Amino acid sequence: MENEQDTVEIDLLALARAVWKKIWFVVAMVIVGAAIAFSCAKFLIVPLYESKAMLYVNNSSISLGNTSFSISSGELSAAQSLVDTYMVILKSRLTLNAVIEKAKLPYTYEELEEMVSAAAINSTEIFEIIVTDEDPEEAELIANTIADILPQKIASIVEGSSVRIVDYAIVPAYPVSPNITKITLIGFLLGGVLSVGIIVLMEVFNDSIRTEDYLIQTYDLPILAVIPAMGSSTKAEKSYLDKHSKRRNR
């Protein structure tokens, strides 16, 4: 067990040394990965903008069909149920087609439906309409058109309902996607992981005999002699040759 643990430890140290010897490759891959990710996020991915309008759901006595019920202002769960109902009406074909017609949009119902979403704000009686678009001004136009049309559509379907505009949408100044910093960081990390992985694989599959320790640890063979590489000599050999050359010169 001790020999196996020592072998693993030596292998890990060898891999660490191999990575350190080629640290320049790791740094280069990190820079290249970050540069590629930044370029893709900056120039290839189309930025998207979000514009939001807020509406208030009035919790007065409301009737749905032949059923009437009353909701107090403190019953947030019931208010949330109303918000869910209103969001279904918002995404209906009748409502969105009216928005397309009023705003003169070049979209079909299916295309506009993918651009529009709604959500309650902190489980309150206020919900927001969110429009995601490549054009910030068009996103603002769609959100405000929905805010104008939706109360009328809800009133025509849900008797006794009351929906009021809390805040109109404005033209967004900054895109919500892509997140250039996040994508660049991902490219940075991927470049580092990929470069280290390549170095480790090259080291693992390199079966050449590099040192006498490799033979001893891998095959448990005794070393009888070591032939130095041609053109290279140790310090002892160099000093021995220097002494003999000085004697000859004398």
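Colleague: Which helix does Asp148 lie in?

Modeller: Asp148 lies in helix α6; helices here are DSSP runs of H or I with at least four residues, strands are runs of E with at least two, and both are numbered from the N terminus. Please keep in mind that this is a predicted model, where local features need pLDDT of at least 70, side-chain atom pairs count only at pLDDT 80 or more, and totals for chains, interfaces and linings use all residues. Residues are numbered from 1 along each chain as its sequence is written, and side-chain values use heavy atoms, with hydrogens and water left out.

Colleague: Is Asp148 buried, partly exposed or exposed?

Modeller: Buried means under 20% relative accessible area, exposed means over 50%, and partly exposed is in between, using a 1.4 Å probe and protein chains only. Asp148 has 29% relative accessibility, so this residue counts as partly exposed. In the protein chain, buried residues make up 27% of the 250 residues.

Colleague: Which residues is Asp148 in contact with, leaving aside its neighbours within four places in sequence?

Modeller: A contact means heavy atoms within 4.5 Å. By that rule, Asp148 touches Lys102, Ile165 and Tyr168. The C-alpha atoms of Asp148 and Tyr168 are separated by 9.4 Å, and the two residues are 20 apart along the chain.

Colleague: What does helix α6 lie across?

Modeller: Helix α6, residues 136–157, lies across β1 (49–57), β4, β5 and β6, and runs at about 140° to β5. Such angles run from 0 to 180 degrees between N-to-C directions, with axes fitted to C-alpha atoms, for helices over the stretch in contact.

Colleague: How should I read the sheet, and in what order do the strands stand?

Modeller: In general, strands of a sheet pair through backbone hydrogen bonds, either parallel or antiparallel. Two strands count as paired if DSSP finds at least two bridges between them. Here, four strands form an open sheet in the order β4-β5-β1-β6, with antiparallel pairing. β4 (116–120) and β6 (163–167) stand at the edges with a single partner strand each, so one side of each has no neighbour in the sheet. Neighbouring strands are turned by 30° against each other on average, direction ignored.

Colleague: How many bridges join β4 to β5?

Modeller: Five bridges join β4 to β5 (residues 126–133), and the two run antiparallel. Ala119, for example, has Glu128 in β5 as its bridge partner.

Colleague: Which residues of helix α4 are buried?

Modeller: In α4 (residues 93–103), the buried ones are Thr95, Leu96, Ala98, Val99, Ile100 and Ala103. Just after α4, Lys104 takes a positive phi of about 55°.
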